[in-house]
Amino acid sequence: MALDSSAVTKQRINSPFRKRGGIPSGGLAKKEKLTGKNILNNLYLAQLVPAALLVLIGIVVIWTASMNIAEASFPRHLLGIGLGFVFATFMWRYDYRALANMTNVLLVGVVVLMILPKIPGFGVSVKGMTGWVNIPFVGFRFQPSELGKIVTIFLMASVCAQYNGKVETLKDYVKLCGTLMVPFGSIMLLPDLGTGLIILVIGATIIICSGAKRSWILITVLLLIAVVALVVVTSMIPGIPHILKEYQMKRLAVFLDPSVDPSGDGYNLQQAKIAVGSGGFIGKGPGNATQASGRFLPEAHTDFVFALFSEEFGFLGAFIMLLLFAWMIFATILFAMKTENTFSKLVLVGCAAMWSFQVLQNVGMCIGIMPITGIPLPFISFGSTSMIAQLVSVGIVQSVYRHRTKAA
């Protein structure tokens with residue numbers, strides 16, 4: 001069901017996506033002097049508090065992981081949080097509504113971010129995937145696709161907001177789906193299936209909430225199922241080009257039958273389950289995760305960080321963490337339902353969709369209900385670029401709240 005929206009206040013021009021009704025910009029906010037007295041009035045604490053608590057949990061988890069895992073650099077994790085806080089603060093102060101009229105810039109920007117690692121001289125291969133870029137002179141690398149998720153949120157919200165809550169024709173719906181295929185197709189050139197799935201979920205959620213008909217959505221889902229089945233079947237036939245890589249097929253096989261590939265992804269899944277189960281109700285305590293310290297649990301500080309946390313803090317700790325995620329996500333959704341500006345609604349929906357899918361996928365793969373992918377757990381997993389992107393998304397929600405009275 002589409003989210004309700006307000007009347008259009010400004011028409012978009014000079015854009016290949018122009019549609020009658022345009023995109024409501026809401027007008028740019030006048031600069032205001034922030035003081036200690038009114039800062040709290042410009043913060044959406046219902047979303048900010050659980051996000052901050054999750055960051056604190058992540059600090060504890062990575063600190064304990066750094067005791068036994070050399071790659072889990074605690075100072076680097078803190079650096080990512082510090083940079084993320086700076087960019088989130090900038091985003092909070094910035095009037096995000098200016099991006100509603102920058103569709104073409106956003107479209108070009110997301111493509112550049114997704115394919116940047118493929119440009120000769122820029123890309124860096126890490127663990128077999130070329131998805132990182134080195135920043136000269138500072139010895140720091142970042143993953144452009146993480147920032148591409150944020151740009152995708154603004155891109156799809158900008159395009160979909162032009163329809164003012166109702167996509168009336170199939171041609172318009174196909175145009176929106178085609179726009180979503182641009183960032184998805186770009187990231188699949190690396191290829192990065194995990195990030196590609198996040199991009200699809202973000203875009204699909206925004207399109208659905210922009211007023212697309214249920215029949216069109218159902219047909220699209222059926223087509224996607226047929227395409228996925230075709231891709232899987234053809235990837236099993238020798239002698240023809242395979243879309244899925246061998247390791248991706250193994251991960252799918254392990255998801256269907258955990259006993260497959262016992263020395264590879266099957267081993268990873270079994271160790272993750274052991275870590276989650278061995279935590280019991282209250283856990284073994286910080287720094288006492290034997291699966292991680294014994295190096296039985298692979299990528300304990302990144303992909304399988306939920307398993308590490310569950311072993312240390314048990315069912316109770318995992319339950320509290322998931323409650324914080326639910327609090328943050330539902331607070332964002334409730335805020336979206338109260339917001340009248342269409343662009344603002346869709347931006348909030350995009351952020352909530354990104355967090356929801358990443359939590360579902362990361363937690364799900366640790367307990368065997370989702371296939372194994374390299375999707376980080378927001379605010380918890382080690383990774384500076386991921387942390388920066390997640391904190392920027394918090395800043396986006398806060399920016400929407402700060403400009404709420406002017407956006408109606």
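Tutor: We'll take salt bridges, then a surface patch, then the record. Keep in mind that this is a predicted model.

Student: How many salt bridges does the structure hold?

Tutor: Three. Arginine 97 pairs with aspartate 95, and their closest N and O atoms are 2.8 Å apart.

Student: Is arginine 97 buried or exposed?

Tutor: Buried, because its relative accessibility is 1% and the cut-off is under 20%. Aspartate 95 is buried too, at 10%.

Student: What does glutamate 311 pair with?

Tutor: Lysine 284, with the closest N and O atoms 2.8 Å apart. That pair links distant parts of the chain, 27 residues apart: glutamate 311 is in helix H12, and lysine 284 is in the loop between helix H10 and helix H11.

Student: And how covered are those two?

Tutor: Glutamate 311 is buried, at 0% relative accessibility. Lysine 284 is partly exposed, at 31%.

Student: Where do glutamate 146 and lysine 149 lie?

Tutor: Both are in helix H5, three residues apart, about one turn of the helix.

Student: New topic. Which residues make the nonpolar surface patch?

Tutor: Among them are Phe281, Ile282, Phe319 and Leu323, and the patch is about 720 Å². Phenylalanine 319 sits in helix H12, residues 305-338. It is partly exposed, at 43%.

Student: What does UniProt list as "transmembrane region"?

Tutor: The unreviewed entry lists several spans, including 184-209 and 379-401. In the model, residues 184-209 are 81% helix, with end C-alpha atoms 19 Å apart. Residues 379-401 are 78% helix, with the ends 21 Å apart.

Methods: Residues are numbered from 1 along each chain as its sequence is written. This is a predicted model: local features need pLDDT of at least 70, side-chain atom pairs count only at pLDDT 80 or more; totals for chains, interfaces and linings use all residues. Side-chain values use heavy atoms; hydrogens and water are left out. UniProt positions are given in the numbering used here, feature names are shortened, and annotations may be inferred rather than shown by experiment. Helices (H or I, at least four residues) and strands (E, at least two) are DSSP runs, numbered from the N terminus. Patches are made of residues with over 30% relative accessible area and no salt bridge: like charges are joined within 9 Å, nonpolar side chains (Val, Leu, Ile, Met, Phe, Trp, Tyr) within 5 Å. Accessible areas come from the Shrake-Rupley method with a 1.4 Å probe; for residues, only the protein chains shown count as cover. A salt bridge is a side-chain nitrogen of Lys or Arg within 4 Å of a carboxyl oxygen of Asp or Glu. Buried means under 20% relative accessible area, exposed over 50%, partly exposed in between (1.4 Å probe, protein chains only).
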